Amino acid sequence: MNELFDCIYDPQRFHCVHFVIQAAQVLYQKDYAKCFVGLTGTLDETLQTSRSTVIQNKRLEKPIEGCIVLMTYFNGSSHCGLFFRQRIFHLCEVGVQRITLEQAKLIYQRIRFYEPNFTHS
């Protein structure tokens with residue numbers, strides 16, 4: 001798990017979606033890539049398709065271990081993380097963070113939770 005804290009944010013090559021996929025592989029030995037069809041390009045390409053793509057996953061009322069957290073900044077841009085040990089584990093410009101839901105509510109206008117759908121093709 002420690003190698004996840006070494007991840008470096010790059011909007012073109014390694015952003016929040018890449019981090020969630022890698023973290024799920026390391027932490028749960030699961031491939032979340034299918035949960036983000038079309039979302040692994042550059043951030044410019046990715047954010048255009050995030051809403052329609054994430055709908056294929058099951059929306060949750062409350063977070064559960066290993067769920068995808070989709071967050072919307074106050075400026076309307078999207079961000080995602082992984083719910084891990086009661087915190088949101090995510091990669092942003094300043095690096096890898098594990099923040100509480102209470103902390104996230106101060107940063108993001110909207111926070112939604114999705115159970116990964118591994119059967120979507």
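**Exercise 1. Identify the residues with the most contacts inside the largest nonpolar core of this predicted model, and state which elements build that core.**

Step 1. The largest nonpolar core holds 25 residues, and those with the most contacts inside it are Phe19, Leu27, Tyr32, Phe36 and Phe89.

Step 2. At least two residues of this core come from each of helix H1 (16-28), strand S2 (68-73), strand S3 (78-84) and strand S4 (87-92), and H1 supplies the largest share, which is nine residues.

**Exercise 2. Describe the order of helices and strands in the protein, and how far apart in sequence its contacting residues lie.**

Step 1. The protein has three helices and six strands, and along the sequence these follow the pattern α-α-β-β-β-β-β-α-β.

Step 2. Of the contacts with a separation of 6 or more, 53% are accounted for by residues 24 or more positions apart.

**Exercise 3. Find which side chains form a salt bridge, and decide whether Arg13 is buried or exposed.**

Step 1. Arg13 has a relative accessible area of 65%, and because exposed means over 50%, Arg13 counts as exposed.

Step 2. For the protein as a whole, buried residues make up 48% of the 121 residues, while the exposed surface comes to about 6,700 Å², of which carbon and sulfur atoms supply 51%.

Key: Residues numbered from 1 in each chain as written. Predicted model: local features only at pLDDT ≥ 70, side-chain atom pairs only at ≥ 80, totals over all residues. Heavy atoms only, no water. Core = buried A, V, L, I, M, F, W, Y, C linked by side-chain atoms within 4.5 Å. Buried < 20%, exposed > 50% of the residue type's maximum accessible area, 1.4 Å probe, protein only. Helix = DSSP H or I, 4+ residues; strand = E, 2+ residues; numbered from the N terminus. Contact = heavy atoms within 4.5 Å. Areas by Shrake-Rupley, 256 points an atom, 1.4 Å probe, with all protein chains shown as cover.
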